[in-house]
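This report goes through one protein model for a reader who has not seen it before.

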Amino acid sequence: MKRLLSTAALALCISAPAQATEIDVAYAYSSLFDPTFEEIMEAFNEEHPDITVNFRTTYEAYEDGTNTVLREAVSGDLPDVTLQGLNRQAILVDRGIARSLEPFIEEESDFQKDGYHEAMLDLSTFDGEVYGLPFAVSTPIGYYNMDILKEAGVEEIPETWDGIVEVCQKINANTDHEAIFWYWNITGNWFLQSLLWSQGEPTIEDGRFNFDNEAGLKSLETMKSIFDGCEMKNYSNADARKSFSSGQIGMYFTSTSSVGFVDSNKTGDWTFRTAPFQGIDGPPEALPAGGNAAMLVSDSEDPEVLQAAWTFVKFITSGQGAAAVARTTGYIPPNKAANEEILVDFYEENPNKETAVKQLPLLSEWFAYPGDNGLAITQTIEDRMESILVGDAEDMKALQQQMVDEVNELLPEPEDS
């Protein structure tokens, strides 16, 4: 049985001719992407009145999206198109759920793979074949209430985490505002991977958890210094985003995805600014690409349904669709046409959304943990990070060893072992 549509998703479905081909689509994070799809669907329905798009209830997060599709594959109730976190595509390819897009691409006379940023397309390429087209790509950035920083006596945004902790202490000492929310438990251990990549280290290397090293220890020590030195509270990102938008928090670290939300929900007369993600001992060497890709997972064999699904995937990741992503969120458009043609003046007028684009040269892989325990590994790491925040873990060297042992126990043995 298909899941019921949310009220927001229902609003996206516009009636179409009786002979229209119907497809089902599912995506995560309704608060971020509902405005995006409202804009996209207006153009899509005008251009493709012969296709009716039914949006299923949105996934809560990317892990939920992957688990939902895995269950639907068993029950025979897959959507035709799913938007999955970039680090969750591999499992759908390995399980034979995702369809290769190469047969559709080969039939296109005007489709150019080089229209997509290479680093982004690589994230959806497996064994030389494209299985997803990037829809929304992000990097981690900092959000700042410059009025709070000024009240605390801070004029410049620091470039290192040590500097951020110093700003926190000034905010805590000189203002009545909260200093920071650092989105430590963002989906897929993204911020932990960001700390590792900023030091030039991948999360997985040779099939093992690449954490038993100086970069791993520095990552944990950096988190502890932020949590403790900034006196950060443990609450949800949704609450933090609302508090920042209402002018209650000085600094907010998360994905570029929330820039549009803050712009739309900002209350009060204060200066909002974004800036690049900090490094540990200097500028980051690399950062993991966040966001999602549109994948074709339809279990239909009807050529018209499959073609309609491909038409939708192509449209939402094209110049028009990608531009809508940039206008309504803070994600990086994956298609060069959006950045170089449609949005040529957009970033001059919206510099807070350009921060992510400036970090494009740093894009690196957002790792998915291999094997059947991938989601369990994600949860295990999140639990250990939370132990730092709540004060249960004080010895970072001991915690590092615990994490290495636990994660490697869950990982499959390397093939060459």
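The secondary structure of the protein amounts to 19 helices and 15 strands; helices (H or I, at least four residues) and strands (E, at least two) are DSSP runs, numbered from the N terminus. The model is predicted: local features need pLDDT of at least 70, side-chain atom pairs count only at pLDDT 80 or more, and totals for chains, interfaces and linings use all residues. Residues are numbered from 1 along each chain as its sequence is written, and side-chain values use heavy atoms, with hydrogens and water left out.

**Overall form**

For 417 residues, a compact globule would have a radius of gyration near 22 Å, and the 21 Å of the protein agrees with this. That radius is taken over C-alpha atoms, and the globule rule is 2.2 Å times the number of residues to the power 0.38. Along the principal axes, the C-alpha atoms fill a box of roughly 65 × 60 × 40 Å. Of the 417 residues, 59% count as buried, where buried means under 20% relative accessible area, exposed over 50%, and partly exposed in between (1.4 Å probe, protein chains only). Contact means heavy atoms within 4.5 Å. Among contacts between residues at least 6 apart in sequence, 77% join residues at least 24 apart.

**The five-stranded sheet**

An open sheet of five strands, with mixed pairing, has the order β2-β1-β3-β14-β6. Strands β2 (51-55) and β6 (132-138) stand at the edges with a single partner strand each, so one side of each has no neighbour in the sheet. Neighbouring strands are turned by 25° against each other on average, direction ignored. Axes are lines fitted to C-alpha atoms, for helices over the stretch in contact, and angles run from 0 to 180 degrees between N-to-C directions. Helix α13 (residues 303-316) packs on the sheet and touches β1 (21-26), β2, β3, β6 and β14, its direction making about 50° with that of β1.

Strands of a sheet pair through backbone hydrogen bonds, either parallel or antiparallel. Here two strands pair if DSSP finds at least two bridges between them. Strand β14 (residues 290-296) pairs with β3 (residues 81-85) in the antiparallel sense over five bridges. Six bridges join β14 to β6, and these two also run antiparallel. The table lists residues that stand opposite each other.

| Residue | Opposite residue in β14 |
|---|---|
| Glutamine 84 | Alanine 293 |
| Leucine 83 | Alanine 294 |
| Alanine 136 | Asparagine 292 |

Helix α14 (residues 319-328) is mostly covered, with eight of its 10 residues buried.

**A buried loop residue**

Where is glutamine 359 found? Glutamine 359 is in the loop between α17 (351-358) and β15 (363-364). With 4% relative accessibility, glutamine 359 counts as buried. Leaving out residues up to four places away in sequence, glutamine 359 touches Thr139, Pro140, Ile141, Pro276, Phe277 and Leu287. The side chain of glutamine 359 makes a polar contact with the side chain of threonine 139 (2.7 Å). A polar contact is a pair of N or O atoms within 3.5 Å; within protein, one must be able to donate a hydrogen and the other to accept it, and residues adjacent in sequence count only if both atoms are side-chain atoms. A polar atom of the glutamine 359 side chain also lies 3.2 Å from the backbone oxygen of proline 140.
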